[in-house]
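Let's walk through this structure together, one neighbourhood at a time. Have the sequence and the 3D view ready as you read.

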Amino acid sequence: MTRLVRLAISGASGRMGRALLSLLGEDMRFELVHAVVAPGSTHDGQPVFASDAGSLRYAHDWTHAPPIDVVIDFSGSAALAVALEHCLAHGTALVSGTTGIDAALEARLAEAGKSIAILRAANFSLGVAVLTRLLREASAALPGWDLEIVEAHHGRKQDAPSGTALALGHAAAAARRTTLEGAAVYSREGLTGERTEGCIGFAVVRGGDIVGEHTAMLIGQGERLELAHRATDRSIFARGALQAAHWLAGREPGLWQLDDVIATSR
């Protein structure tokens with residue numbers, strides 16, 4: 001697009017929403033025109049009510065939203081469903097990092113991809129997108145090598161392995177024409193016996209304030225290939241989402257991926 005991209009944020013008072021708002025102050029590619037927050041939310045320590053602030057409208061819903069080119073959603077299942085309906089009604093592109101949605105909403109998103117452009121990712125780091133591509137290629141090129149995925153995060157993280165580690169495992173398994181469900185080994189303890197040929201092992205580290213580290217090790221006889229990504233600043237995820245939104249605005253309908261963004265951004 002030659003003009004500014006008209007952007008809306010769903011989940012603007014959340015951690016990722018606040019990161020996006022912070023970055024948008026210096027990003028001249030966008031015009032932020034609408035920001036949806038949940039009732040009772042706060043922004044900069046103050047309660048957020050439905051109100052206008054210059055060209056930006058903070059609101060509790062999509063009622064009276066101005067024309068929008070693309071919505072970035074980091075909210076929850078219920079808010080994503082509402083944002084999706086707004087996008088479908090107005091032909092608006094949707095970028096979403098919301099996870100943990102049920103099968104019904106997954107199906108609605110898949111069907112919506114026939115009408116609007118949608119890009120979803122569990123991790124919006126562009127570096128992780130490149131890591132995933134490299135791991136896919138390496139796994140296919142070295143099908144007989146053992147594969148282990150090690151991830152590290154801060155001590156407050158609730159799930160293990162991380163969603164990114166699982167996404168890497170799925171990419172590697174697909175490259176080897178198998179499934180992660182059939183190949184994954186998530187724990188080893190006691191007398192485990194020899195390593196099962198073709199399995200994909202996972203190891204998890206939790207502690208301190210680690211933002212996120214992922215290492216894929218392909219291990220052969222007498223040599224080892226390591227592909228790693230280390231995040232030191234959470235703003236990388238917001239930057240990646242903005243890059244995806246700028247790329248997606250004006251695209252034809254479809255279910256797009258970050259891999260498409262890095263493939264055509266050169």
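**Around Ser-10**

Leaving aside residues up to four places away in sequence, Ser-10 touches Val-36, Trp-62, Val-71, Ile-72, Asp-73, Phe-74, Ser-75, Ala-79 and Ala-83, where contact means heavy atoms within 4.5 Å. This is a predicted model, in which local features need pLDDT of at least 70, side-chain atom pairs count only at pLDDT 80 or more, and totals for chains, interfaces and linings use all residues. Residues are numbered from 1 along each chain as its sequence is written, and side-chain values use heavy atoms, with hydrogens and water left out.

You will find Ser-10 in strand β1 (residues 5–10); strands here are DSSP runs of E with at least two residues, and helices are runs of H or I with at least four, numbered from the N terminus. Ser-10 is buried, at a relative accessible area of 1% (buried means under 20%, exposed over 50%, partly exposed in between, with a 1.4 Å probe and protein chains only).

**Two helices**

Next, look at helix α2 (residues 77–90) and helix α3 (residues 103–112), whose axes come within 11 Å and cross at roughly 20°. Axes are lines fitted to C-alpha atoms over the stretch in contact, with angles from 0 to 180 degrees between N-to-C directions. That makes α2 roughly parallel to α3, since angles under 35 degrees count as roughly parallel, over 145 as roughly antiparallel, 65 to 115 as roughly perpendicular and the rest as oblique.

**Around Cys-199**

Finally, Cys-199 sits in the loop between β11 (184–185) and β12 (200–206). Cys-199 is also buried, with a relative accessible area of 6%.
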